[in-house]
Amino acid sequence: MKRRSLIAGAATLPLVAFVRDRTARAATPLKIGLLEDVSGDLAIFGIPKLHGSQLAVEEINAAGGIMGRPIQLMHLDPQGDNARYQEFARRLLQREKVDVLIGGITSASREAIRPIVDRADAFYIYTNQYEGGVCDANMVSVGAVPEQQIATLVPYMVEKFGKRVYTVAADYNFGHLSAEWGRSVLKPLGAEVVGEEFIPLGVSQFAQTIQNIQKARPDWLYMLNVGAAQNSFFEQAAAAKLNLPMGSPIKIMLGFEHKLFPPPALANMYATANWFEELDTPEADAFKKRWHAKFPNETYINDMGYNAYVAVYMYKMLAERAKSTKKEELRKVIATGNAGIDAPEGHITIDPKSQHTSHRMRLLRVDEHHAVHVVKDFGVIEPYWLGQVGCDLTKSDPKEQYTPDHLPKKG
Amino acid sequence: MSGDLFSYIYQFADVFAFLVLSAAGLAIIFGMMGIINMAHGEFIMCGVYVTSATYHMGLPLVLAQACGTAAAGLVGVVLEYLVIRPLYARPLDSLLVTLGVSLIATQGTLVILGSTFPGIGTPLGSFDVGAYTFSTYRMVLFAAAIGVLGFVYVLFMRTGFGVQARATMQNAAMARALGVPTSRIYALSFGIGAALAGLCGALYAPTMNLIPTMGAGFIVEAFVTVVVGGASVLLGTAPAAAVLAIIRSGLNAWYGQVIGQIGLLIAVILIVRVLPSGFSGWLARRSAS
């Protein structure tokens, strides 16, 4: 299976486009190492991520590459297996000597390869929204983090629907950390968590959870359920006429549940996102058109695929302004505080202290026909939390992941 | 109060139905025939996908579910003929082979049909008892589980085929000597087991998110129920599912799903320790003494 994925990865390299450009052909290629799961349980997310990277590479190569050098995309498929992530990260960094490493889906996969990236002193871009907190100079994060997603969503839900909240979360670190984030935002608002339930990954039957929710009579549900099995909650809750508004930092733009379940299972779901396919600005429309022209069978351009696309352009901007692919030179560009690009969502910038990315956040609502409406535009929100608690990568590089319960030591 | 009481009964019925329907096909293929079928979840997935595909082609749900059941049964018969047949005397090899089939089926589905598949909305609406609302379709699942138990009992205990099948599983050489067409019996039994797995998928298709690896969500419960049930499918599955459902729905209600799942597995360890041949062995010994 390993062999097959290597061949599949090599066969999909979009190298045709740059042939038109003479300077690009003359120069040595710039190597991007990409780790995305396109088989195994996480393929539903990994495939659009691979597509996002491929589209960006094809466009950049057609326009002359990075500093005149064509991009060579070297994709390996770790199949959702963290040991393979480590093996492939080593192979890409040590043997292939890639200029930059991109990818990883789960936080576990990111934490599995981060020590390898750090030891090789390489430049790594993580492209998912996640629970936040990684303070590591070797890593840039282009996905949204809790201060952009949860600190926006939760106050809106409390104001609109009420102070009684029921949390349904996946029983692993993302679910627990995001539930903790929710509690820390709810407390100053005087809101109350009337029930909190952690669900083992893979559980697909929710009759009891639905009854527990009815018993607790919350005003709205804070949904942090993860994975295809746990997503069955929505269909089962709708069948039991639970009819409660739901808020989630991961639904719709990430797992496009509203496209997978027949309406009205996702009715009254609210989510905050930097990208969702229904976004209809001119830039977003042009981007969607290019994507669907290249990948006509894509069900939905999700936020992960979008971030993977943006990551390649972010790297292009850094390398061209630094006139180098060296990590130290790239970080000098980040340190200016204006290292940004015009992405399909709007202008976004890398924050020098945390090396996370600002995002234009919007709050969206799913109606009973599963159409998506933007109900609030929060504007551009900085990834401020790490900087606030004391992570400053321009001064020191602790290479740690912080959480509200595990903060940097003062001093 | 009546709402709470009904809620307990409903939760029990819900878990019971899930255990019985997940396990019924495996009870025949693993419990009776001795094939450690790691591809059981993929038979279920086959039932789900065919149901959804034929439903979206315009068939009424019940007919689509019949198609899903039949398709899984057909796949079972073909698979038995192609790869399972040489393995009746080699149960450990059957584990490897069916695991291979399972991987090929999930990844093949992913490659050919993509990572997601359109779902079917749950039919039949809901009803109220006290302060709670319940999905009506879940009661249909419970009725189906009882129906499946009855069907398996009648088929294997009350028909000529059942007698021949039980004879074949107990002593194939002797059965053949007496003129039983054992290879056809094996193929048919395997096909019925696969069809029951397909039926489970067909019934749960309207309540779940459809992805190629969804079969994995059934397989732990299926094996647990069959192992606790013991060698005799007909005697064991129902009491095993009932006891496990009481334990799980009770723990789910009082302590949440995490404890419910842990409790289920601890109960299984204890039961297997105390009753090494499962409920059916214990019941058989009791009725013998």
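Domain bounds here come from an automatic or database domain assignment. The model is predicted.

**Exercise 1.** State which domains chain A has and how far apart their C-alpha centres lie.

Solution.
1. The assignment gives domain 1 (2-143 + 280-357) and domain 2 (147-273) of chain A.
2. A distance of 30 Å separates the C-alpha centres of domain 1 and domain 2 of chain A.
3. Where they touch, 8 residues of domain 1 of chain A contact 10 residues of domain 2 of chain A.
4. The domain 1 side of this contact in chain A holds 2 nonpolar, 4 polar and 2 charged residues.

**Exercise 2.** Decide how the radius of gyration of chain A compares with the globule rule.

Solution.
1. Chain A has 14 helices and 16 strands.
2. For 411 residues the globule rule gives 22 Å, and the radius of gyration of chain A is 21 Å, close to that value, so chain A is as compact as a globular protein of that length.
3. The C-alpha trace of chain A spans about 70 × 55 × 40 Å along its principal axes.
4. Buried residues make up 57% of the 411 in chain A.

**Exercise 3.** Describe the side of chain A that touches chain B.

Solution.
1. The contact involves 32 residues of chain A and 35 residues of chain B.
2. On the chain A side, the elements giving two or more residues are helix H3 (43-62), strand S8 (192-199), helix H8 (207-216) and helix H9 (227-239).
3. H9(A) supplies the largest share, 7 residues.
4. By class, this side of chain A has 15 nonpolar, 12 polar and 5 charged residues.

Methods. Residues numbered from 1 in each chain as written. Chains lettered and ligands numbered in written order. Predicted model: local features only at pLDDT ≥ 70, side-chain atom pairs only at ≥ 80, totals over all residues. Helix = DSSP H or I, 4+ residues; strand = E, 2+ residues; numbered from the N terminus. Rg over C-alpha atoms; globule rule 2.2 N^0.38 Å. Buried ≥ 20, exposed ≤ 12 C-beta atoms within 10 Å, placed from the backbone. Contact = placed C-beta atoms within 7 Å. Nonpolar A, V, L, I, M, F, W, Y, C, P; charged D, E, K, R; others polar.
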